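This briefing is meant to be read alongside the sequence and the coordinates. Please keep both in view while going through the points on strand pairing, a helix and a pocket.

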Amino acid sequence: MKNAYNTSAYGSFAYVYDIFMDNVPYEEWAQFILNLLQDRKITEGLVLELGCGTGKLMTLLGKAGFDMIGVDNSVEMLQIAREKTSQDFLYLLQDMREFELYGTVKAVISVCDSVNYITKKEELRKVFQLVNNYLDPEGVFIFDFNTEYKYRELIGETVIAEDREDVSFIWFNEYDEESHLNDIDLKVFVQEEGDIYQKFQEEHIQRGYRLDEIKQLLEESGLIFLEAYEEYTMQAPQPDSGRIVVVAQEHGKNRRN
């Protein structure tokens with residue numbers, strides 16, 4: 001089984017990604033994140049998004065007054081982001097397990113289960129360590145993740161298919177309880193002319209995590225776990241939560257007055 005976090009993920013699919021993600025309430029997610037940042041007196045400055053994709057969330061946070069940096073390991077995604085978003089945004093083609101910045105940022109954001117593509121605990125711990133390193137003193141890290149429950153009970157061993165006017169896809173899920181990995185076989189069909197379709201195929205692998213595992217990795221990385229929420233609501237996570245939002249804080253640097 002190949003490494004899930006590689007530069008081929010979201011390759012050809014990048015060009016139709018926004019079409020199939022039009023059901024994601026980015027505006028609601030952005031407002032939820034903005035409220036969390038405002039609660040912690042973060043209303044301006046540099047914000048980093050890990051796994052920024054085509055830059056939709058970055059655009060919303062940028063309109064709220066933040067200076068945005070986006071990190072993604074897909075060339076195709078970043079090409080689309082540069083075309084569709086503000087020229088003032090900085091995009092970096094980097095692996096989130098090894099990302100580098102020129103300085104620290106007020107906050108780090110990661111949505112759409114980007115952290116689930118980090119399938120080894122030690123590598124996710126490394127991501128968290130880097131986040132802690134590049135956050136300002138008492139800076140905030142807000143991210144979501146798909147739970148082990150979601151892969152095991154909700155989408156594992158299922159087939160998801162959508163047929164649009166010019167493009168369609170078939171999404172096969174296969175979940176392994178021992179490894180906690182969900183193997184996604186993605187087939188995309190793009191209409192080119194008449195009844196002629198071009199087929200693209202990709203493999204995506206994600207790992208399901210439990211909240212207690214995430215808390216432990218945050219602690220081991222030096223970050224301070226603050227709170228967690230069910231999806232993008234103010235409700236507490238439940239045993240059957242499919243997506244959980246986590247808020248953590250930088251630890252270890254001294255704030256200068």
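Strand 7 and strand 8 (residues 181-193) run antiparallel and are joined by ten bridges, where strands are DSSP runs of E with at least two residues, helices are runs of H or I with at least four, both numbered from the N terminus, and two strands pair if DSSP finds at least two bridges between them. The model is predicted, so that local features need pLDDT of at least 70 and side-chain atom pairs count only at pLDDT 80 or more, while totals for chains, interfaces and linings use all residues. Residues are numbered from 1 along each chain as its sequence is written, and side-chain values use heavy atoms, with hydrogens and water left out.

**Strands 6 to 8**
- Strand 7 and strand 8 form a hairpin with four residues between them, and His180 in that turn has a positive phi of about 65°.
- Strand 6 (residues 159-163) also runs antiparallel to strand 7, with five bridges joining the two, and a hairpin of three residues connects them.
- Within this region, Asp163 stands opposite Ser168 of strand 7.

**Trp171**
- Trp171 lies in strand 7 (residues 167-176), and its bridge partner in strand 8 is Leu186.
- With a relative accessible area of 16%, Trp171 is buried (buried means under 20%, exposed over 50% and partly exposed in between, with a 1.4 Å probe and protein chains only).
- The side chains of Trp171 and Asn173 are joined by a polar contact of 3.4 Å, a term for a pair of N or O atoms within 3.5 Å of which, within protein, one must be able to donate a hydrogen and the other to accept it, residues adjacent in sequence counting only if both atoms are side-chain atoms.
- The C-alpha atoms of Trp171 and Ala30 are separated by 27 Å, the two residues being 141 apart along the chain.

**Helix 2**
- The end C-alpha atoms of helix 2 (residues 26-39) are 20 Å apart, which agrees with the 20 Å that its 14 residues should span at 1.5 Å a residue, the expected span being 1.5 Å times one less than the number of residues.
- Among the buried residues of helix 2 are Tyr26, Trp29, Ala30, Ile33 and Leu37.
- Just after helix 2, Lys41 takes a positive phi of about 65°.

**Lining of the second largest pocket**
- Strand 5 (residues 135-146) gives the most to this lining, with five residues.
- The lining residues divide into three nonpolar, two polar and seven charged (Ala, Val, Leu, Ile, Met, Phe, Trp, Tyr, Cys and Pro count as nonpolar, Asp, Glu, Lys and Arg as charged, and the others, Gly among them, as polar).
- A pocket is an open set of points on a 1 Å grid over the protein atoms alone, where a 1.4 Å probe fits, with protein on both sides within 12 Å along at least five of seven lines, and lining residues have an atom within 4 Å of a point.
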